[in-house]
Structure formats: structure tokens, C-alpha cells
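Here is my note on the model. Please read it with the structure open beside you.

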Amino acid sequence: MESKSISAPVIFDRSREEIEEEANGDVFDIEIGVSDPEKVGDGMNAYMAYRVTTKTSLSMFSKSEFSVKRRFSDFLGLHSKLASKYLHVGYIVPPAPEKSIVGMTKVKVGKEDSSSTEFVEKRRAALERYLQRTVKHPTLLQDPDLRQFLESSELPRAVNTQALSGAGILRMVNKAADAVNKMTIKMNESDAWFEEKQQQFENLDQQLRKLHASVEALVCHRKELSANTAAFAKSAAMLGNSEDHTALSRALSQLAEVEEKIDQLHQEQAFADFYMFSELLSDYIRLIAAVKGVFDHRMKCWQKWEDAQITLLKKRETEAKMMVANKPDKIQQAKNEIREWEAKVQQGERDFEQISKTIRKEVGRFEAKRVKDFKTVIIKYLESLVQTQQQLIKYWEAFLPEAKAIA
Amino acid sequence: MEGRQEAGKENKPSSISVDPQGDSSLQVEISDAVSERDKVKFTVQTKSCLPHFAQTEFSVVRQHEEFIWLHDAYVENEEYAGLIIPPAPPRPDFEASREKLQKLGEGDSSITREEFAKMKQELEAEYLAIFKKTVAMHEVFLQRLAAHPTLRRDHNFFVFLEYGQDLSVRGKNRKELLGGFLRNIVKSADEALITSMSGLKEVDDFFEHERTFLLEYHTRIRDACLRADRVMQSHKCLADDYIPISAALSSLGTQEVNQLKTSFFKLAELFERLRKLEGRVASDEDLKLSDMLRYYMRDSQAAKDLLYRRLRALADYENANKALDKARTRNREVRTAESNQQLCCRRFERLSDSAKQELMDFKSRRVSSFRKNLIELAELELKHAKLQGPDSPGYYGDQTLGNPPVSSKLTTPSCFPLGYWQAPRN
């Protein structure tokens, strides 16, 4: 049986809503495709190169269609640059796909089996989704590093990608979060919106994780069903060969064929289970981690502002003490320091207000995108399930007369 | 754990067809069955106008061991050496199902009440299915005996059907089990020996063909049966997987306050329907495919046993011939040798004749059974797939308007009659 050529479904078709948004001023006229994975080099130094194709009518790009070759670490490098620039001011930077030592080693070593093809396809699809999400972010789209990634034929090698993987960034974010949580100073949340949202995302995170675990089990078991069905089909065919009653023999062979076709259906469904459902969930689990990260950055920002205020207070106390002790040169120093820290307090307040504003906007955009993504995928997935059923009906309808023909 | 089944005639999960030519002068069925802690009690009801029964309608209660005793009595009876003895029903085995129910009862706090109820329902249905199957297996064994013109006249059979008291047949002890096991080894070794015996030629093409055919057929049907079982297990697995997915989707839907709510609920509802579908597909394949394959695996083994007995008789005949020749040359005990040879010859011919008929019956039985089951399998698959498909109301609906899902009350297929079911006692 020839293996079906697999390619993940394109989720980001231009929907009606996108075109409407475009009319409202939000221009999303840019499409990214990641394709043609190609192995470069040999042995442990080998890597996969992917073609990144951009189609756009935006004026900021010199051409309307162009493509470059990138490797996985390039993507990680891009993400680390974007994260270092935008995460701490409240932008939800989409996380890059996970590194996988096992998967990559198999590819390097040159195993041309279905599991390494699957791995490459999984990665290709994940990279495509990553870039699509990144370019759909209006602020990130303006970033020169992103443009360079998409456009320039030569890209400086991203070094030390160990720390730069999506997981690495998230680990850093989570460590920061832990540090914040361990602090005894409780933030005076003047805005209930943030508390509510954080709780909401916490709940969503838990539920998505639970669902994702169940869906992973589903994918696994459906693959098992497919394998078992294929095995049964073979033994039914053998039994048909043995059977010396002609009509029954033929019917058994037909049964074997039906089961083979059903096996194919199971494989396709498992594929849909994974690429539509499971990957969507895992993408959003990592996205929500990024969201939680920005909330934590806001807390750190508040802490910084708070610390500045405390320090200012101390400086004022020092000034007062110096005044009482009548040390004119110390007083001047104290006055300088007070001015310095007043500025810092003001900056702190501005930063805090800015990050709060950014987060509000970002969360609004994120939620809208999330709703759209999930709706689109759920409809597609529902369709796939229904289609499988319809096919099953066709197969059994074709078999029934064969069974009846047994005389 | 207790369960009862009121099995009416129309509710029989009969995946095996009994000889359709059997007349109705002796009708046997299992009218009731009770599952107790570690045994099942079958009520065997007989309706007969045959003269040597005291009444025309009567019942007795029998346990599995008594069925086995009856089967072994037939096998050991020289009278029936030329017949295919219907395979003994398998021992009722609720262990696995019971364990699963117990584990569920011990509780896993992470699952919701609804999930628990669904899983309990699944396991109870499984228990019920195993129960119905064991009743069917025991019943079909008796019905084949009742339909066979020779086997139905057996004295032990009458005792089994009529004797009101316990037959005091205890289960085989370890020594007897070991003995049975050794006998099987001896039998295969013997078979290997006599087939390689020089001068033992199969004169009848029919039997030559049957032997080759049965050997291969038996192996392949055993394979098919095992693999069909695995497919069925996979379907059950999927059905179980759908439970937490449906629950998680529902709770996600409850959390949302936007249009995503409807989408989640719709998907949750679809998974719930798919769960039921997978469950039904599993049980259809179990009854119509797995069970049928299993039965004919056993029946083909019984046919192989018949061939072995005939071969044994042929070997005995050959040996008797040789002994007669020897006696004639030595001119000693010629009379005994002659009569022995004649005996062996007659026995062999008797066996061959009845074996031929039996094997042809086996074939027609097999063909009609496969036909019936494959048709029913296809019909059931179609019925279930269609009920879950786009024809069913409220299936797609307008995403934004969110039509409330119509809960379609699906009728259970005829192989699963609803019986009175008591909740298991822990």
C-alpha cells in the first residue's frame, strides 16, 4: 500500500472576516508558506532547510512575492530577537515550535522511514503556523528583524540556540513568574480587569491541557485501530483464499478490501485528529503561556515602580535628616538624588501605564484571534468527522450486495 | 454480582445458524439465566412430542460443567466417531468485566459525575453483552444436538434435558485437566505418525481435499478471529477516549461567553454521538464477525477431529490387513484375524460414509452462517453510520444561531435485546 503523501491542512485561508477587517483599516495582506523541506549536509551536521515564501501587497516589502531558505535555528533566532524586544513591554509574542532532539537525530541519521517524514511534516506545519501568527501581529510586522528574516537571502547564523528555543524562552518567562509569585509584596491591583483576565487564562490553560492530553490518547488509539484493521483485512483475504465455496470466497475477499479502505479512512482521520485538533490545542497552550508571561512582566514593572517610590521616600528622609544635621554638601547630594528618583518614579508610572494599556489591547486582539481560530478549526474538524462517516456508508453499501450474492 | 436474562425466542442473538432442516419434534432453548458470584445457572427448557419424555414441556437448571460433561460423553462415544461433535461452549468468563467495574467503583476523583455515569453504563453494557453471549453459546450447542438426527437420540442427552436433579458433575480437577492436555498431545503425535505411515494411502480424493482444506482453513480462521478481536478492542478504546474529550469540550463551552460557546457544545455533542457509534460498531463486529469466526474455528477443529478419527480407523484397517496376511502365511489364528479385519473394514467404511455427509453439512452450515452474518454486519454498520451522519436533524445547524441539538433516541440493534438488569452489588 503506497503511503499517502501528507501535508497539513492550511488553516489560515483568507476568511470573509479578514477581508472585512481589511476594509476597516487592519491590513492583513500578507501570506506566508513554509514548504519543500530539504536535507542539507550529512551526518550529525546535517540540517533541514525550509523554503519560506511570502506573498504580499504591502509597500514595506520590495517585491510582492519572494522566498528564502531558512533552517530551524533561524526561526528560533527570530523568535528570541522579537521576544527580547517586545515581551517585556506587554506584547504577546507567538512562541516558536519546540526543539526535538530525538526527532531531529533520526532525520540527520538519514532514516527515510515514515516516522521521520511525519516529524518533518509536523515541524514544517508548525513553522508555517508560527510565521503566520507572527506576521498577523501589526506591531511585530513592522519589526526590521522580521523583515530581514523574510526577505534577505543570507541570514547570520543564530548562535547559542539552546537558550533561544521557544521552550527556553518560556522557561525564562516561567522562572520570572515564579520569582514574582514568591515575592511577599502583593500587588495592589487597582484594575479588576487584570485579575479577572489572569484567572480566565489560568482556567483556560488547565482545560486546554486536559483536553489536549485526551486528544493525544485519541490520536494514538486511532492509529492502533488503523493498524489492527489492516491486519484483519489481510487475514480476511487469506481466509477468502482458503475458502473453497466460490461465492463465499469472493465475498470474503470483498470484505478484506472494504476493511483495507476503512483502514485508510482511519489513517486520514487520525491525521485530521492530530493536525487540526491536537496541534491547535498545543499551539494555544504555548500561546497562553506567553500571555501569562506578559501579565507577569506587568507585575515586575509595577514592582519596579513601587521600588522606585520606596527609594524616593528613603531619599527624602535622608534629605530631612541632613537638614536637621545641617550638612550643606550632603543636602545637595540628597536633593540631586531626590530629583533622580522622582524622574524614575515618573518613568516607572509611565511604563506601568503603558504596559497595562498594551496588554489590554493585546488581550483583546488575542481573544478575537483565538475565537476565530477555534471556530474555523472546529468546523473543519466536524467536517472531517462527518466525511469519514459518509465514506463508511459508501463502503458498506458497496459490500452489502456482495454478501447477499453468497448462494 | 447478579443478573438475569429473560430470553424470548425473538431476542436470540443467534450468530450461528442451526441446521435449518431440523424438524420441530424436539425444541430446546435456554429460557432464563442467572449470573451469581462465580457461576451461571442456565434454565434449559425442552418442548417435545417424542414418546420417551414424560412430559411435553419441561425445564431443568444446568451449569456450565454439566454441558462439558455432555460434550465429553459424546466425544468418548464410539457410536458417534463418524460425526462432527458440536464444539463445547466456552466457560463463562466475567473476570475482566467484573474487575473493570470494581476499579471504576473504587473511584477516580478526577472524573466528573457525568463521565462516571457514562463509563459505568459502558461497563454494564459490556457485562450484559458477555452474559448474553455465553447464554447464546450454550444454547446453540444444545440446539445443534437437538437438530442432529443421530445425536438427538443419545441417552445422556435425554438425561441432561430431563433429569430434575443436579447431575453431580464436578469440574475437572487438575489431574483430569492434565490428562486431557496430554491426550491432545498424544493425539497430534499419533496423527503425525499415522499420516507418515508407509502404505497408508488416502484412496478418496474427497477426503484428501478436505484434509488439506481444513488444516489451512482452521489456521487462517483462528488468525482472523484473533485480529477481529483486536479491532473490536480498538473500537471500544476509542469509545472510551471520547468520554473525557466530550466532557472537556462541554466545560470549555460553559466557560466561553462568545460565539465559541456553540462551537464547543456542537463538537462535544458530536463526540458523544461518536462514542455511541463506536460502541455499537464494536458490538456489531463482536457478534457478527468475531463470534462467528470463533465458532467456526471451533467447529472446524471438531471437523478435523472427525478426520483424525477416520484416519485412525483407516490405520487400524491397514494394520488388520497386515495382521491377516501374516496370520494366513503362518496359518495361525486366521479366523480371529479375518473377523478383526472385517470389523475394522466395516468401521472404516461406516466412518467414511457418515464423515462425508457430516463434512458436506459443515460446509453448507458454514456458508449460510457466513452469509447471514456478513449481511447483518453490513446492514448494521450502515444503520449506525447513517444515524450519526448528516441526515440526522440538528447535525450541522447554523453556527451562529446555535440550534439546540436534537437527542436522537437510537434503537438498540436486535442482537442486544433489553433485558432486566440489576446494578452490580459490590
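1. Start with a pair of helices. The crossing of α4(A) and α10(A) is right-handed. A crossing is right-handed if the near helix is turned clockwise from the far one by less than a right angle, and left-handed if anticlockwise. Helices here are DSSP runs of H or I with at least four residues, strands are runs of E with at least two, and both are numbered from the N terminus.

2. A word on the ground rules. This is a predicted model, where local features need pLDDT of at least 70 and side-chain atom pairs count only at pLDDT 80 or more, while totals for chains, interfaces and linings use all residues. Residues are numbered from 1 along each chain as its sequence is written, chains are lettered from A and ligands numbered from 1 in the order in which they are written, and side-chain values use heavy atoms, leaving out hydrogens and water.

3. Back to the pair. Helix α4 of chain A covers residues 114–135, and helix α10 of chain A covers residues 246–325. Their axes come within 12 Å and cross at roughly 50°. That makes α4(A) oblique to α10(A). Axes are lines fitted to C-alpha atoms, for helices over the stretch in contact, with angles from 0 to 180 degrees between N-to-C directions. Under 35 degrees counts as roughly parallel, over 145 as roughly antiparallel, 65 to 115 as roughly perpendicular, and the rest as oblique.

4. Which residues of α4(A) and α10(A) meet? From α4(A) come A:Glu118, A:Glu121, A:Lys122, A:Ala125, A:Arg129 and A:Arg133. From α10(A) come A:Phe274, A:Tyr275, A:Glu279, A:Asp283, A:Tyr284 and A:Leu287. By class, this contact of α4(A) with α10(A) has five nonpolar, no polar and seven charged residues. Contact means heavy atoms within 4.5 Å. Asp, Glu, Lys and Arg count as charged; Ala, Val, Leu, Ile, Met, Phe, Trp, Tyr, Cys and Pro as nonpolar; the others, Gly among them, as polar.

5. Helix α4(A) also crosses helix α3 of chain A (residues 101–109), with axes within 9 Å and an angle of roughly 120°. The two are therefore oblique to each other. The crossing of α3(A) and α4(A) is left-handed. A:Gly103, A:Met104, A:Lys106 and A:Val107 of α3(A) make the contact with α4(A) residues including A:Phe119 and A:Arg123. The residues in this contact of α3(A) with α4(A) divide into four nonpolar, three polar and two charged.

6. One more residue of α4 in chain A is A:Thr134. Is A:Thr134 buried or exposed? At 1% relative accessibility, A:Thr134 counts as buried. Buried means under 20% relative accessible area, exposed over 50%, and partly exposed in between (1.4 Å probe, protein chains only). Leaving aside residues up to four places away in sequence, A:Thr134 touches A:Leu82, A:Pro94, A:Leu140, A:Leu141 and A:Leu146.

7. Now the cysteines. The whole structure has zero disulfides, that is, pairs of cysteine sulfur atoms within 2.5 Å. The sulfur of B:Cys237 has its closest cysteine sulfur in A:Cys220, 8.3 Å away and too far for a bond. B:Cys237 is partly exposed at 27%, whereas B:Cys225 is buried at 3%.

8. Check two backbone angles. A:Asp36, in strand β1 of chain A, has a positive phi near 45° without being a glycine. B:Asn331 has a positive phi of about 55° and is not a glycine either. B:Asn331 sits in the loop between α7 and α8 of chain B.
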